[in-house]
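This report is meant to be read with the sequence and the structure side by side. Please keep both open while going through the sections below.

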Amino acid sequence: MAKLKVSWMVTAAAVLALAGGSVIMACGDDKPAPQAPAKAETQVAKADAPAKAEAPSPAPVKVASEPVKGASISGTIKVKGDVKKRKKIKMDADPKCSAMHAEPPLMEDIVVDANGNVQWAFVYVKKGAEGKKPTDAPVPAVINQTGCHYEPHVLGIVVGQDLIIKNSDELLHNIHALPFSNKEFNFGQPTKGLEEKKQFTTQEVMVKVKCDVHPWMSAWIGVVDNGFFAVTGADGKYAIPGGLPDGKYTVEVWHEGYKSVSTEVDVKGGAAVADLELTDKKE
(Lines give C-alpha, C1' and ligand atoms only; values in the text may rest on other atoms or scores of the structure.)
Protein backbone atom coordinates (compact mmCIF):
# COMPACT_ATOMS: atom_id res chain seq x y z
CA MET A 1 0.00 0.00 0.00
CA ALA A 2 2.93 2.35 0.82
CA LYS A 3 4.53 1.63 -2.57
CA LEU A 4 1.23 2.44 -4.33
CA LYS A 5 0.98 5.77 -2.48
CA VAL A 6 4.52 6.86 -3.42
CA SER A 7 3.90 5.90 -7.04
CA TRP A 8 0.72 8.02 -7.07
CA MET A 9 2.58 11.05 -5.71
CA VAL A 10 5.33 10.74 -8.32
CA THR A 11 2.74 10.54 -11.08
CA ALA A 12 0.94 13.61 -9.74
CA ALA A 13 4.18 15.57 -9.59
CA ALA A 14 4.99 14.67 -13.19
CA VAL A 15 1.56 15.82 -14.36
CA LEU A 16 1.94 19.15 -12.59
CA ALA A 17 5.41 19.65 -14.05
CA LEU A 18 4.19 18.92 -17.58
CA ALA A 19 1.35 21.40 -17.05
CA GLY A 20 3.96 24.16 -16.79
CA GLY A 21 4.24 24.38 -13.03
CA SER A 22 7.52 24.68 -11.21
CA VAL A 23 6.65 22.20 -8.45
CA ILE A 24 9.54 20.30 -6.79
CA MET A 25 8.54 17.10 -5.05
CA ALA A 26 10.67 15.03 -2.67
CA CYS A 27 9.97 11.37 -3.40
CA GLY A 28 11.67 8.93 -1.13
CA ASP A 29 15.19 10.38 -1.79
CA ASP A 30 16.33 14.08 -1.76
CA LYS A 31 16.64 14.49 -5.57
CA PRO A 32 14.25 17.12 -7.05
CA ALA A 33 11.78 16.10 -9.71
CA PRO A 34 12.73 17.22 -13.26
CA GLN A 35 11.21 20.53 -14.42
CA ALA A 36 9.47 21.04 -17.78
CA PRO A 37 10.61 24.01 -19.89
CA ALA A 38 8.81 27.20 -18.90
CA LYS A 39 6.99 27.70 -22.21
CA ALA A 40 4.58 30.27 -20.82
CA GLU A 41 7.44 32.43 -19.51
CA THR A 42 9.20 32.25 -22.86
CA GLN A 43 6.06 33.40 -24.67
CA VAL A 44 5.61 36.32 -22.26
CA ALA A 45 9.20 37.36 -22.77
CA LYS A 46 8.66 37.36 -26.53
CA ALA A 47 5.49 39.38 -26.17
CA ASP A 48 7.26 42.00 -24.02
CA ALA A 49 10.22 42.30 -26.41
CA PRO A 50 10.24 45.56 -28.43
CA ALA A 51 8.86 45.22 -31.94
CA LYS A 52 11.34 45.38 -34.77
CA ALA A 53 11.55 48.76 -36.47
CA GLU A 54 9.93 48.68 -39.88
CA ALA A 55 12.19 49.17 -42.84
CA PRO A 56 11.88 52.71 -44.30
CA SER A 57 9.58 53.02 -47.28
CA PRO A 58 11.40 53.23 -50.59
CA ALA A 59 11.73 56.68 -52.14
CA PRO A 60 8.86 57.48 -54.48
CA VAL A 61 9.58 56.74 -58.10
CA LYS A 62 9.66 59.87 -60.23
CA VAL A 63 6.92 59.60 -62.80
CA ALA A 64 7.19 61.58 -65.98
CA SER A 65 4.45 64.05 -66.77
CA GLU A 66 1.54 62.87 -68.82
CA PRO A 67 1.14 64.54 -72.22
CA VAL A 68 -1.46 67.29 -72.27
CA LYS A 69 -4.29 66.68 -74.71
CA GLY A 70 -4.06 68.99 -77.71
CA ALA A 71 -0.48 70.03 -76.98
CA SER A 72 2.50 69.28 -79.20
CA ILE A 73 4.92 69.29 -76.26
CA SER A 74 4.11 69.51 -72.57
CA GLY A 75 5.75 68.84 -69.22
CA THR A 76 6.96 70.30 -65.94
CA ILE A 77 9.84 72.63 -65.18
CA LYS A 78 11.56 72.38 -61.80
CA VAL A 79 14.52 74.01 -60.10
CA LYS A 80 17.26 72.24 -58.18
CA GLY A 81 18.74 73.51 -54.94
CA ASP A 82 17.80 76.12 -52.41
CA VAL A 83 15.59 78.99 -53.44
CA LYS A 84 15.70 82.38 -51.79
CA LYS A 85 12.62 83.61 -49.96
CA ARG A 86 10.50 85.98 -51.98
CA LYS A 87 10.84 89.60 -50.92
CA LYS A 88 8.08 92.14 -50.53
CA ILE A 89 7.97 94.89 -53.14
CA LYS A 90 8.56 98.31 -51.59
CA MET A 91 6.07 100.75 -53.12
CA ASP A 92 6.54 103.54 -50.58
CA ALA A 93 7.93 105.84 -53.25
CA ASP A 94 4.39 106.20 -54.61
CA PRO A 95 1.68 106.24 -51.91
CA LYS A 96 -1.00 105.69 -54.55
CA CYS A 97 0.60 102.35 -55.43
CA SER A 98 0.89 101.31 -51.77
CA ALA A 99 -2.76 102.16 -51.19
CA MET A 100 -3.80 99.59 -53.80
CA HIS A 101 -2.56 96.68 -51.66
CA ALA A 102 -3.53 95.62 -48.13
CA GLU A 103 -0.15 93.87 -47.96
CA PRO A 104 2.87 94.58 -50.19
CA PRO A 105 2.93 92.15 -53.13
CA LEU A 106 5.85 89.75 -53.50
CA MET A 107 8.54 89.90 -56.15
CA GLU A 108 8.08 87.56 -59.12
CA ASP A 109 11.67 87.03 -60.24
CA ILE A 110 11.81 83.52 -58.72
CA VAL A 111 8.51 81.86 -57.80
CA VAL A 112 8.90 78.22 -56.73
CA ASP A 113 6.52 75.96 -54.79
CA ALA A 114 7.40 73.42 -52.08
CA ASN A 115 8.04 70.71 -54.70
CA GLY A 116 10.49 72.76 -56.76
CA ASN A 117 8.02 73.60 -59.53
CA VAL A 118 8.85 76.99 -60.99
CA GLN A 119 6.50 79.62 -62.37
CA TRP A 120 7.25 82.15 -65.12
CA ALA A 121 9.62 79.97 -67.12
CA PHE A 122 9.41 80.56 -70.88
CA VAL A 123 9.50 77.29 -72.85
CA TYR A 124 9.78 77.39 -76.64
CA VAL A 125 10.80 75.34 -79.66
CA LYS A 126 14.20 76.77 -80.48
CA LYS A 127 15.00 74.57 -83.47
CA GLY A 128 12.98 72.50 -85.92
CA ALA A 129 9.78 74.61 -86.08
CA GLU A 130 10.99 77.22 -88.54
CA GLY A 131 8.14 78.34 -90.77
CA LYS A 132 5.58 76.23 -88.88
CA LYS A 133 2.49 77.65 -87.22
CA PRO A 134 0.10 76.28 -84.57
CA THR A 135 -3.30 74.92 -85.48
CA ASP A 136 -5.05 77.99 -84.02
CA ALA A 137 -4.14 81.47 -85.23
CA PRO A 138 -2.75 83.65 -82.42
CA VAL A 139 -4.93 86.34 -80.90
CA PRO A 140 -3.38 89.65 -79.78
CA ALA A 141 -1.13 89.31 -76.74
CA VAL A 142 -1.90 91.60 -73.80
CA ILE A 143 0.24 93.13 -71.07
CA ASN A 144 -1.58 95.15 -68.43
CA GLN A 145 -0.37 97.69 -65.88
CA THR A 146 -2.51 97.10 -62.81
CA GLY A 147 -1.81 97.59 -59.11
CA CYS A 148 1.52 99.14 -60.11
CA HIS A 149 2.87 95.92 -61.57
CA TYR A 150 2.71 94.12 -64.92
CA GLU A 151 0.37 91.26 -65.66
CA PRO A 152 1.58 88.82 -66.73
CA HIS A 153 5.18 88.87 -65.55
CA VAL A 154 6.28 86.74 -68.54
CA LEU A 155 4.53 86.35 -71.87
CA GLY A 156 5.27 85.13 -75.39
CA ILE A 157 4.47 86.62 -78.76
CA VAL A 158 5.00 85.73 -82.41
CA VAL A 159 6.88 88.01 -84.77
CA GLY A 160 4.31 90.38 -86.32
CA GLN A 161 1.62 89.57 -83.73
CA ASP A 162 -0.15 92.50 -82.07
CA LEU A 163 0.83 93.33 -78.49
CA ILE A 164 -1.85 95.33 -76.66
CA ILE A 165 -0.42 97.44 -73.81
CA LYS A 166 -3.05 98.57 -71.28
CA ASN A 167 -3.10 100.83 -68.25
CA SER A 168 -5.72 99.85 -65.65
CA ASP A 169 -4.41 102.20 -62.94
CA GLU A 170 -5.58 105.74 -62.33
CA LEU A 171 -2.05 107.12 -62.40
CA LEU A 172 0.84 107.59 -64.79
CA HIS A 173 2.84 104.62 -66.09
CA ASN A 174 5.30 104.45 -68.91
CA ILE A 175 6.27 101.23 -70.65
CA HIS A 176 9.85 101.01 -71.79
CA ALA A 177 10.96 98.00 -73.88
CA LEU A 178 14.69 97.25 -73.94
CA PRO A 179 15.34 94.93 -76.90
CA PHE A 180 18.65 94.21 -78.60
CA SER A 181 17.37 93.04 -81.98
CA ASN A 182 13.99 94.77 -82.20
CA LYS A 183 13.13 98.46 -82.12
CA GLU A 184 13.06 100.06 -78.68
CA PHE A 185 9.89 101.82 -77.59
CA ASN A 186 9.08 104.02 -74.60
CA PHE A 187 5.83 105.90 -74.06
CA GLY A 188 3.63 107.08 -71.22
CA GLN A 189 0.06 106.19 -70.34
CA PRO A 190 -1.09 108.83 -67.84
CA THR A 191 -4.69 107.76 -67.29
CA LYS A 192 -6.74 104.64 -66.74
CA GLY A 193 -8.13 102.85 -69.80
CA LEU A 194 -5.45 103.85 -72.30
CA GLU A 195 -4.26 101.21 -74.75
CA GLU A 196 -1.40 101.08 -77.25
CA LYS A 197 -0.57 98.52 -79.92
CA LYS A 198 2.98 97.40 -80.77
CA GLN A 199 4.68 94.65 -82.81
CA PHE A 200 8.09 93.00 -82.97
CA THR A 201 9.82 92.29 -86.26
CA THR A 202 12.37 89.59 -85.39
CA GLN A 203 12.84 86.73 -82.93
CA GLU A 204 14.34 87.70 -79.58
CA VAL A 205 14.35 85.73 -76.32
CA MET A 206 13.92 87.77 -74.14
CA VAL A 207 12.90 91.45 -74.23
CA LYS A 208 12.82 93.22 -70.87
CA VAL A 209 10.08 95.77 -70.16
CA LYS A 210 10.15 98.28 -67.32
CA CYS A 211 8.39 101.35 -65.99
CA ASP A 212 10.68 104.35 -65.48
CA VAL A 213 8.16 105.94 -63.10
CA HIS A 214 7.99 102.88 -60.82
CA PRO A 215 11.38 101.10 -60.93
CA TRP A 216 10.12 97.89 -59.29
CA MET A 217 7.84 97.22 -62.27
CA SER A 218 9.34 94.79 -64.79
CA ALA A 219 8.22 92.07 -67.20
CA TRP A 220 9.69 89.87 -69.92
CA ILE A 221 8.49 89.16 -73.46
CA GLY A 222 9.65 86.18 -75.51
CA VAL A 223 9.48 86.95 -79.23
CA VAL A 224 9.60 83.87 -81.49
CA ASP A 225 9.22 83.31 -85.22
CA ASN A 226 6.75 80.47 -84.64
CA GLY A 227 3.84 80.00 -82.27
CA PHE A 228 5.28 77.03 -80.40
CA PHE A 229 5.92 78.39 -76.92
CA ALA A 230 4.36 78.43 -73.46
CA VAL A 231 4.86 79.93 -69.99
CA THR A 232 4.81 77.74 -66.87
CA GLY A 233 2.05 78.18 -64.32
CA ALA A 234 2.29 78.10 -60.53
CA ASP A 235 2.57 74.27 -60.68
CA GLY A 236 5.52 74.40 -63.09
CA LYS A 237 3.50 72.88 -65.93
CA TYR A 238 3.44 74.09 -69.51
CA ALA A 239 1.75 73.07 -72.76
CA ILE A 240 3.06 74.14 -76.16
CA PRO A 241 0.18 74.33 -78.67
CA GLY A 242 -0.57 71.46 -81.02
CA GLY A 243 0.31 71.43 -84.68
CA LEU A 244 3.91 70.24 -84.77
CA PRO A 245 4.49 67.44 -87.29
CA ASP A 246 6.20 64.33 -85.96
CA GLY A 247 9.95 64.76 -85.79
CA LYS A 248 12.83 65.94 -83.63
CA TYR A 249 12.86 69.41 -82.10
CA THR A 250 15.05 71.37 -79.71
CA VAL A 251 13.15 72.79 -76.75
CA GLU A 252 14.71 75.50 -74.59
CA VAL A 253 13.70 76.85 -71.20
CA TRP A 254 14.46 80.45 -70.26
CA HIS A 255 14.07 81.82 -66.75
CA GLU A 256 14.88 85.18 -65.25
CA GLY A 257 16.93 83.77 -62.39
CA TYR A 258 18.49 80.64 -63.95
CA LYS A 259 20.67 79.80 -66.92
CA SER A 260 18.77 78.41 -69.88
CA VAL A 261 18.62 74.66 -70.51
CA SER A 262 17.59 72.77 -73.64
CA THR A 263 16.86 69.24 -74.76
CA GLU A 264 15.98 67.33 -77.91
CA VAL A 265 12.38 66.16 -78.07
CA ASP A 266 10.96 63.51 -80.38
CA VAL A 267 7.34 64.27 -81.25
CA LYS A 268 5.40 61.12 -82.12
CA GLY A 269 1.70 60.96 -82.84
CA GLY A 270 1.57 64.73 -82.58
CA ALA A 271 2.68 64.85 -78.92
CA ALA A 272 5.71 64.58 -76.66
CA VAL A 273 6.65 65.16 -73.02
CA ALA A 274 9.70 67.12 -71.87
CA ASP A 275 10.35 67.60 -68.15
CA LEU A 276 13.37 69.80 -67.48
CA GLU A 277 15.28 71.05 -64.46
CA LEU A 278 16.99 74.39 -63.96
CA THR A 279 20.18 74.03 -61.92
CA ASP A 280 22.53 76.99 -62.38
CA LYS A 281 21.51 80.39 -61.11
CA LYS A 282 22.44 83.50 -63.04
CA GLU A 283 25.10 85.63 -61.39
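In which loop is P152 found? P152 is found in the loop between strand 6 and strand 7, the latter covering residues 154-158.

## The model as a whole

The structure shown is a predicted model, and the values in this report are computed from it. The secondary structure of the protein chain comes to three helices and 19 strands, and of its 283 residues 36% count as buried. Among the contacts that join residues at least 6 apart in sequence, 61% are made between residues at least 24 apart.

## Pairing around strand 12

Strand 12, which spans residues 204-210, is joined by three bridges to strand 9 (residues 173-178), and these two strands run antiparallel. Within this pairing, H176 has K210 of strand 12 as its bridge partner. Strand 12 is also joined to strand 13 by five bridges, again in an antiparallel arrangement, and here the bridge partner of V207 is I221 in strand 13.

## Peptide bonds and backbone angles

Most residues other than glycine have a negative phi, and most peptide bonds are trans. Against that background, two peptide bonds in this model deserve a look. The bond that joins E151 and P152 is cis, with omega at about 0 degrees, and P152 belongs to the loop that runs between strand 6 and strand 7. The peptide bond from V205 to M206 is also cis, with omega near 10 degrees, but M206 is found in strand 12, the strand that bridges to strand 13.

W120 has a phi of about 70 degrees and is found in the loop between strand 3 and strand 4 (122-127), while C148 has a phi of about 60 degrees and lies in the loop between strand 5 (141-146) and strand 6. Are these two residues buried or exposed? W120 counts as buried because its relative accessibility is 13%, which is under the 20% cut-off. C148 is likewise buried, with a relative accessible area of 0%.

## Two asparagines

N117 is found in the loop between strand 2 (111-112) and strand 3 (118-119), and with a relative accessible area of 9% this residue is buried. Which side chain makes a polar contact of 2.8 Å with that of N117? The partner is K78. Not counting residues up to four places away in sequence, N117 touches T76, I77 and K78, then V111 and V112, and also A234, D235 and G236.

N167 lies in strand 8, which covers residues 163-167, and N167 is buried, with a relative accessible area of 1%. The side chain of N167 reaches two backbone atoms, namely the nitrogen of D169 at 2.9 Å and the oxygen of T191 at 3.3 Å. Leaving aside its neighbours within four places in sequence, N167 is in contact with residues that include N144, Q145 and H173, as well as Q189, P190, T191, K192, G193 and L194.

## L276 in strand 19

L276 lies in strand 19, made up of residues 276-278, and is buried, with a relative accessible area of 11%. The C-alpha atoms of L276 and V253 are separated by 8.0 Å, although the two residues are 23 residues apart along the chain. When neighbours within four places in sequence are left aside, the contacts of L276 include V253, V261, S262 and T263, and T76, I77 and K78 are among them as well. T76, I77 and K78 are also touched by N117.

## The largest pocket

The largest pocket has a volume of about 250 Å³. Strand 6 (149-151) and strand 13 (218-224) are the elements that give two or more residues to its lining. The lining consists of 16 residues, and M107, E108, H153, W216 and S218 are those that lie nearest the centre of the pocket.

How many residues of each class make up the lining of the largest pocket? By class, there are eight nonpolar, three polar and five charged residues.

Key:
Residues numbered from 1 in each chain as written. Predicted model: local features only at pLDDT ≥ 70, side-chain atom pairs only at ≥ 80, totals over all residues. Heavy atoms only, no water. 1 Å grid on protein atoms, 1.4 Å probe; cavity = no way out; pocket = protein on both sides within 12 Å on 5 of 7 lines; lining within 4 Å. Points joined across faces, edges and corners; volume = space filled by probe spheres on them. Helix = DSSP H or I, 4+ residues; strand = E, 2+ residues; numbered from the N terminus. Nonpolar A, V, L, I, M, F, W, Y, C, P; charged D, E, K, R; others polar. Pairing = 2+ DSSP bridges. Buried < 20%, exposed > 50% of the residue type's maximum accessible area, 1.4 Å probe, protein only. Polar contact = N/O pair within 3.5 Å; in protein donor to acceptor, adjacent residues only side chain to side chain. Contact = heavy atoms within 4.5 Å.
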